[in-house]
Amino acid sequence: MTDAELLARAEAVAARAYAPYSNFNVGAAVLTRDGRVFEGVNVENAAYPLGICAEKTALAHAVSEGVRPGDVEAVATTASPCGGCRQWLHEFRVDRITYRSAAGDIVTRTPDEVLPDSFDL
Ligand code: THU
């Protein structure tokens, strides 16, 4: 699957976001090295800080099916990943991340490029 195809999956699933407070629907799709795709959307809450980003729900979806750090080839997301999601992407050692920049361009970056000097325990 190409990065463009993975981003198309993320764009399609964004329609299922639960974002009644921000009205900002985000979709994400995780491609594993063995070719599986796991999708996720942002899920908001009336207690605002409890909301969760699409990248995290997609990665949590994958983890629930047995995926572990090192198993993820690529992630696509319809928004530029937030700082916290960049740390999650680092944790899973994904090869590359594709997203639409704020300017609307499609960009592909490594976790190191989007989060230099990241934290490791
Ligand atoms: N959001 C994501 O799902 N992923 C990101 O990387 C950026 C932000 C969500 C969180 C919130 O539900 C909405 O977008 C507005 O911030």
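Just after helix 2, Gly-66 adopts a positive phi of about 105°, where helices (H or I, at least four residues) and strands (E, at least two) are DSSP runs numbered from the N terminus. This is a predicted model, in which local features need pLDDT of at least 70 and side-chain atom pairs count only at pLDDT 80 or more, while totals for chains, interfaces and linings use all residues. Residues are numbered from 1 along each chain as its sequence is written, and side-chain values use heavy atoms, with hydrogens and water left out.

Helix 2 itself covers residues 54-64, and its buried residues (under 20% relative accessible area, with a 1.4 Å probe and protein chains only) are Ala-54, Glu-55, Thr-57, Ala-58, Leu-59 and Ala-62.

Because its relative accessibility is 40%, Tyr-21 counts as partly exposed, a class that lies between buried and exposed, the latter being over 50%.

For the protein as a whole, the secondary structure comes to 4 helices and 5 strands, which run α-β-β-α-β-α-β-β-α from the N terminus on. Of its 121 residues, 40% count as buried, and the C-alpha trace spans about 35 × 35 × 35 Å along its principal axes.
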